[in-house]
Amino acid sequence: MIDLEVFKTSSSMFFLIWGGVLVFSMHAGFAFLEAGMVRRKSVVNAFNKILTEWLLAAVGYFVLGYGIAHGIFFALMSVGAIEKANLQYNLAHYFFMLTFATASIAIISGGVAERIKFKAHALAAVFVTSLIYPFFEGLVWDSNAIFGNPLGSESGFLARVFGSPFHDFAGSVVVHAIGGWLALPAIYILGPRLGRFVDGKVVEFPIHSVPYVALGSWFLAIGWYGFNVASAGSLDTLSLGLVAANTTLAMAGGGLAASILSRNDPGFLHNGVLAGLVAVCAGSDLYHPLGAFVVGAVAGALFVWGFKFEIDTLKIDDVLGVWPLHGLCGAWGGIAVGIFGSSALGGAGGVSFLSQFLGTLIAVIYAVIASTLLYLAIDKTVGLRASREEELRGLDLSYHRTDAYPEEAMMR
Amino acid sequence: MIDLEVFKTSSSMFFLIWGGVLVFSMHAGFAFLEAGMVRRKSVVNAFNKILTEWLLAAVGYFVLGYGIAHGIFFALMSVGAIEKANLQYNLAHYFFMLTFATASIAIISGGVAERIKFKAHALAAVFVTSLIYPFFEGLVWDSNAIFGNPLGSESGFLARVFGSPFHDFAGSVVVHAIGGWLALPAIYILGPRLGRFVDGKVVEFPIHSVPYVALGSWFLAIGWYGFNVASAGSLDTLSLGLVAANTTLAMAGGGLAASILSRNDPGFLHNGVLAGLVAVCAGSDLYHPLGAFVVGAVAGALFVWGFKFEIDTLKIDDVLGVWPLHGLCGAWGGIAVGIFGSSALGGAGGVSFLSQFLGTLIAVIYAVIASTLLYLAIDKTVGLRASREEELRGLDLSYHRTDAYPEEAMMR
Amino acid sequence: MIDLEVFKTSSSMFFLIWGGVLVFSMHAGFAFLEAGMVRRKSVVNAFNKILTEWLLAAVGYFVLGYGIAHGIFFALMSVGAIEKANLQYNLAHYFFMLTFATASIAIISGGVAERIKFKAHALAAVFVTSLIYPFFEGLVWDSNAIFGNPLGSESGFLARVFGSPFHDFAGSVVVHAIGGWLALPAIYILGPRLGRFVDGKVVEFPIHSVPYVALGSWFLAIGWYGFNVASAGSLDTLSLGLVAANTTLAMAGGGLAASILSRNDPGFLHNGVLAGLVAVCAGSDLYHPLGAFVVGAVAGALFVWGFKFEIDTLKIDDVLGVWPLHGLCGAWGGIAVGIFGSSALGGAGGVSFLSQFLGTLIAVIYAVIASTLLYLAIDKTVGLRASREEELRGLDLSYHRTDAYPEEAMMR
């Protein structure tokens, strides 16, 4: 005798955990992307930062973050309560949403690489994943959030004013724009790597390894299907196919646009793929696949332009280009829902350009303010930046007492 | 109240997407396998080729290829139509089949490495994944294909003549033999790498990295479970267990045979695993697992012999050995169904040796002709081969303006 | 018309295969972890050992091992029998359990690296995965095992004496403690690498690559969710969410403890994560997540202490520290169920400290005796240790006739 209710719930948990494992594997992607883009002397630091973030977030989001965003504080419950069926689902959901929450600090990590104090970054990881990210997550994604969800619910602020809630299916704004715009003030306050600008000119810092960049990008692109598809949350929807197709087409748009504009540069190609993926999350359940392609292509172009604008004009040393990638393309993704989500352009409709614009704008403002306060506070207390000696020697030796390739280093 | 129909369809889409993500990750495997087997000066080119192929195929297969093979042209539909339940399933199916279609050009990529023009390869990718591959895919796998499916349907040509349709469960022939036999004329027309043969003798070209070869092979072997198991298409079959077991035993046969014959050579071991996997696809739903082991072992031996025969006797510079691996072992896989699929040898029966032989033969002939025409046409128009200077300098610097390890390159 | 029975069985097979693919990918993790921790001259050997083990185990566990542990000898059946629905499930189960069985020899591989004869290790792989591991697996996990399951069944020996069977949900003891305690005598009998101890002092052997260690650790941590979650076996349980959460929190505990104690050492951080994961398997379906965190944290500390104790005090050259990682932390995981599984500490209860302690002790004793006999027998017959010349030259050149980076090696 089959208990259909149990079978269905168990299957939906399996679905969520499948997605969570893929998004967890994206963190391996963040690690290798960073390890490839920095200089050799910061490779170990990249790996340690990304993994340590995850570990800290796992605890902080369990104890505090998930509760802020979804109104359930697991840490206060005995296991007797936790074992109940509905909470079982919430535990799977905790795991899934944790993999999203941690992305916000992993994004920042790529921007502040090679010169941030290890302890400062760890402290930021706790605050971002336990408080700053979950607060906004709840505003958009859960009406059980302890601060309500005025932006996302059917009856919230944006829906009442503009007739439609802020739609962000898989987090172009909640995860990527928040992460990218949290990173910008952090990078600015931290300042550029020593020697990056000389007499107002950019000094080229050749990267460590294209294969690591490619590996990181592949891990991210593969895991992104979990990010988007499993955002459906359970197996009572038929949208999974559309989400998978839109994810694919947006990736194509982003990668091809960035590749053409950069004349087949490997860094822009592999990051262009990610730009398209960042932008499509929000409306991947609404777009026509050709609309998704355009959304991705615009993101790919935006990334190439933004990357150059940031370093050449703004003179901001964002090592992996996380602000153009996640900040700009994430914001574009939020706004794009109001354009390509409309039925006039082949989308499923039911979206409002103004709701999308305003929701995205609120996210950007929130992230910039929260980050400025957080990183100034860290700077004034434990200190934000590695010492000149630590940075010159490299964070690997300074903080982790090892080269990335110890045997080879010894033989030199 | 649970809608069982929706739950079942949603679950089957999840199943297909799970498989598709695994096969997508195989493309990371193709990339690292190629990056490991070439020389350092072509590593970036390997990554850019494999990723760019995927992006182009995503568009071409959406607009044209899927329609040719399965009779549904998504690009002509508005999203209103696309959102219908049955088309949702087709969109998941598009994603899954795209990951197969792209394998055909990824196979070719490994053969033509280090000296093909980037634009020529990109152009070939579009034609192969939008037209050449989908045409044959439809002949075998879908009676809704716009050209019908005389080889594979229960009432098609082979079934009427030999009493049994051409059986290719997961693509030993449709994907691998087609890919491998498309590659052979391309490699021949392109010619060997400069300096590969001197006075009729083979010059050893030492490969870049065994760890990358291993990583590529692992990605491929892991993803292969999605390739084979999810070929069942939906969750109303009990064959999944048999397919998983057969995949495993054939991998064992291929790897062990190649390893023994090559006295534990890492290249033959890791590629031997793939040889067994290539061969088992077609009958993985029919074989007794010990039959699958033998099918795989024969493939492993065939690969070792074919690899040496190709370079030493035929003097063809197939960088990754894609013709023996996918062409020979894929064809063997198609024919093996007619032997080990029979109930006399423990298989599930219902197969015909002649149908298998003829279907495979048609595939080989089709691929050789299509490839010859395509690559000659490319050669006469945009040109096929990189210039002597581009090749000597290396495609990384010539086409992508960077070394694979820029920091280290600068320090030399 | 939907056949619910078939849908449910098909879905559960999919679930098992999903888990099996993840655990299979952990073997890529074992390979990279070992490749990163050895010296360059043993990198190829690491890849060949880990992959060859898998291939041998696939055959041996199919022919013999699965039958010993679960009472079904597939190799004796014709495919007609194998195709039956219940055996289909068993074939999926074979694949899943094979990925566990092979872990036992993959664990040993990391301890005996850089100086074991290739053939000796291959022989050990066959005996361990076909006989030694399956015997104990059946004692705990299946009452259809041909030797019964006195430790694990509700009516077995431990249950009758202490009121509760030995509980090992996902194999802290069955897989990890067995693997780690099998490794210890093997490493001892084999002796340390040449030059590892000079005048009773440890000589530092710098490792090959931190990025490979990180990659291996990521593959393992990602795959671990399949290891633990899919141990539920089918989709008629609601425990999946709790298992996922506990896996996450224990990983956090292990990684953070090891990182703090080692002052952000990358090796201890990445292995500390694994220590927490090893320890949590047994009770991941029972603990309160904060209990899982503590279980993991204790394991992380135990690993750091055990690693140093083994090399500095015991003077045992366990290259990857597999005895502290899998042996000590696995045993701790078995015992921890008797503590943190109790309802007094927030667990689900129904466990007995004495059952857990005794079951774990039996595992340790069994593994030490079996390994001693096996490795002494191998030593007396085919020989265990590579010759002095082979070891000094490096196993890559001695057994596989290639450097890990042939192109670069040729240019030196």
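Keep in mind that this is a predicted model. Start in chain C, with helix H12 (residues 322-340) and helix H13 (residues 353-380): they pack at an angle of about 170 degrees, and their axes are 7 Å apart. Angles over 145 degrees count as roughly antiparallel, so that is what H12(C) is to H13(C). The crossing of the two is right-handed.

Now zoom in on the residues that meet there. H12(C) brings C:Ala331, C:Gly334, C:Ile335, C:Val337, C:Gly338 and C:Ile339, while H13(C) answers with C:Phe353, C:Gln356, C:Phe357, C:Gly359, C:Thr360 and C:Val364. Sorted by class, that contact has seven nonpolar and five polar residues, and no charged ones.

Next, stay in chain C and find helix H10 (residues 266-280) and helix H11 (residues 289-313). Their axes come within 8 Å and cross at roughly 130 degrees, which makes H10(C) oblique to H11(C). This crossing is right-handed. On the H10(C) side, the residues making the contact include C:Gly272, C:Ala275, C:Gly276 and C:Ala279; on the H11(C) side, C:Val295, C:Gly296, C:Ala299 and C:Gly300 are among them. The class count here is eleven nonpolar, five polar and no charged residues.

So much for helix pairs; what about the core? The largest nonpolar core holds 513 residues, and the ones with the most contacts inside it are A:Ile17, B:Ile17 and C:Ile17. Pick C:Ile17 and look around. Setting aside its neighbours within four places in sequence, C:Ile17 touches B:Tyr225, B:Val229, B:Leu240 and B:Ala244, along with C:Ala92 and C:Phe95.

That brings us to where chains C and B meet. The contact takes 54 residues from chain C and 49 from chain B. On the chain C side, helices H1 (4-37), H2 (43-70), H3 (79-82), H4 (85-111), H15 (395-400) and H16 (406-411) each supply at least two residues. H1(C) gives the most, with 16 residues. That side of chain C divides into 38 nonpolar, twelve polar and four charged residues.

Technical notes: Residues numbered from 1 in each chain as written. Chains lettered and ligands numbered in written order. Predicted model: local features only at pLDDT ≥ 70, side-chain atom pairs only at ≥ 80, totals over all residues. Axes fitted to C-alpha atoms, helices over the stretch in contact; angles between N-to-C directions. Helix = DSSP H or I, 4+ residues; strand = E, 2+ residues; numbered from the N terminus. Parallel < 35°, antiparallel > 145°, perpendicular 65-115°, else oblique. Left-handed = near helix turned anticlockwise from the far one by under 90°. Contact = placed C-beta atoms within 7 Å. Nonpolar A, V, L, I, M, F, W, Y, C, P; charged D, E, K, R; others polar. Core = buried A, V, L, I, M, F, W, Y, C linked by C-beta atoms within 7 Å. Buried ≥ 20, exposed ≤ 12 C-beta atoms within 10 Å, placed from the backbone.
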